[in-house]
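This report walks through one chain. Keep the structure open while reading.

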Amino acid sequence: MALVLKSEAFVDGDRIPRRFSCEGEDVSPPLTWQDLPEGTESLVLILDDPDAPDPAAPRMVWDHWVLYNIPPTCSGLVEGAARGGLPEGTREGINSWGRTGYGGPCPPIGRHRYFHRLYALDTRLPDALGQPTKDELLLAMEEHILAHAELVGVYDACKVDASA
């Protein structure tokens with residue numbers, strides 16, 4: 001069985017509802033996962049946008065949320081978990097705004113893709129990492145990835161969403 005990452009708020013490839021964006025309530029979406037590989041000691045979740053600032057001419061990857069040391073006993077994150085509902089022991093890294101926490105889709109122009117990536121690791125990363133950037137975290141977990149899964153949502157700049 002392969003590691004699976006899902007959300008009840010949107011399916012892979014579909015539009016992320018407005019409530020999870022900077023144009024809405026900017027709350028983190030609910031996420032669930034299953035089929036962790038044997039030997040999983042911790043999980044990492046990274047949300048990023050490779051289409052910044054303009055999907056027609058992307059120049060950077062914008063990091064929206066960086067989490068590590070999520071306990072493997074946890075099967076997901078509830079909606080709004082970034083605002084005080086993270087599982088005990090979960091650590092936060094620094095996003096592209098230069099802070100910890102969730103920052104929802106907020107594209108300046110065009111339709112962007114938002115990659116939610118979940119990694120199962122064979123270790124718990126050292127607390128000495130503190131609040132790493134995504135690149136620092138990826139380097140620290142490099143030799144420890146057992147499996148990964150991804151969920152992609154899209155969001156358009158300033159587009160009204162009737163399902164918000």
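Is tryptophan 65 buried or exposed? At 1% relative accessibility, Trp65 counts as buried, because the cut-off for buried is under 20%. The model is a predicted one.

## Overall build

The chain has 1 helix and 8 strands. From the N terminus, the order of elements is β-β-β-β-β-β-β-α-β.

For 164 residues, a compact globule would have a radius of gyration near 15 Å. The chain has 15 Å, so the value agrees with that expectation. Along the principal axes, the C-alpha atoms fill a box of roughly 45 × 30 × 30 Å. Of the 164 residues, 45% count as buried.

## The open sheet

An open sheet is formed by 3 strands, in the order β1-β2-β5. The pairing is antiparallel. Strands β1 (4–6) and β5 (76–77) stand at the edges. Each has a single partner strand, so one side of each lacks a neighbour in the sheet.

Between β2 and β5 there are 2 bridges, and these strands run antiparallel. Leucine 31 stands opposite leucine 77 in β5.

## Aromatic pairs

How many aromatic pairs does the structure hold? There are 2. Tryptophan 62 and tryptophan 97 form an edge-to-face pair, with 5.4 Å centre to centre and 80° between the planes. Trp62 lies in strand β4 (residues 60–70). Trp97 lies in the loop between β6 (91–92) and β7 (111–121). The pair therefore ties together parts that are 35 residues apart in sequence. Both partners are partly exposed: Trp62 has a relative accessible area of 24%, and Trp97 has 37%.

Tryptophan 65 and tyrosine 102 also pair edge-to-face. Their ring centres are 5.3 Å apart, with 80° between the planes. Trp65 is in strand β4 and Tyr102 in the loop between β6 and β7, so this pair ties together parts 37 residues apart in sequence. Here the two partners are buried: Trp65 is at 1% relative accessibility, and Tyr102 is at 8%.

## A charge over a ring

Another ring contact involves sequence neighbours. The charged end of arginine 19 sits over the ring of phenylalanine 20. The distance to the ring centre is 5.6 Å.

## Nonpolar cores

Which residues touch the most other members of the largest nonpolar core? They are Leu5, Trp33, Leu45, Trp65, Ile70, Leu77 and Leu118, out of 25 residues in that core. The elements giving two or more residues to this core are β2 (31–34), β3 (42–52), β4, β7 and β8 (145–156). The largest share comes from β8, with 4 residues.

Take isoleucine 70, one of the residues named for the largest core. Beyond four places away in sequence, Ile70 touches Trp33, Ser42, Leu43, Val44, Leu45, Pro87 and Thr90.

## Histidine 116

Histidine 116 is found in strand β7. At 2% relative accessibility, His116 counts as buried.

What does histidine 116 touch, not counting residues up to four places away in sequence? Its contacts are Leu5, Phe10, Ile16, Pro29, Leu31, Ile46, Leu47, Ala149, Glu150 and Leu151.

## Proline 55

Where is proline 55? It is in the loop between β3 and β4. Pro55 is partly exposed, with a relative accessible area of 26%.

Proline 55 and glycine 110 are 55 residues apart in sequence. In space they are 6.3 Å apart, C-alpha to C-alpha. Gly110 is among the contacts of Pro55. Leaving aside neighbours within four places in sequence, Pro55 also contacts Ile109, Arg111 and His112.

Conventions:
Residues numbered from 1 in each chain as written. Predicted model: local features only at pLDDT ≥ 70, side-chain atom pairs only at ≥ 80, totals over all residues. Heavy atoms only, no water. Phe/Tyr/Trp six-rings, centres within 6.5 Å; stacked < 30°, edge-to-face > 60°. Buried < 20%, exposed > 50% of the residue type's maximum accessible area, 1.4 Å probe, protein only. Lys NZ or Arg CZ within 6 Å of the ring centre and 35° of its normal. Core = buried A, V, L, I, M, F, W, Y, C linked by side-chain atoms within 4.5 Å. Contact = heavy atoms within 4.5 Å. Pairing = 2+ DSSP bridges. Rg over C-alpha atoms; globule rule 2.2 N^0.38 Å.
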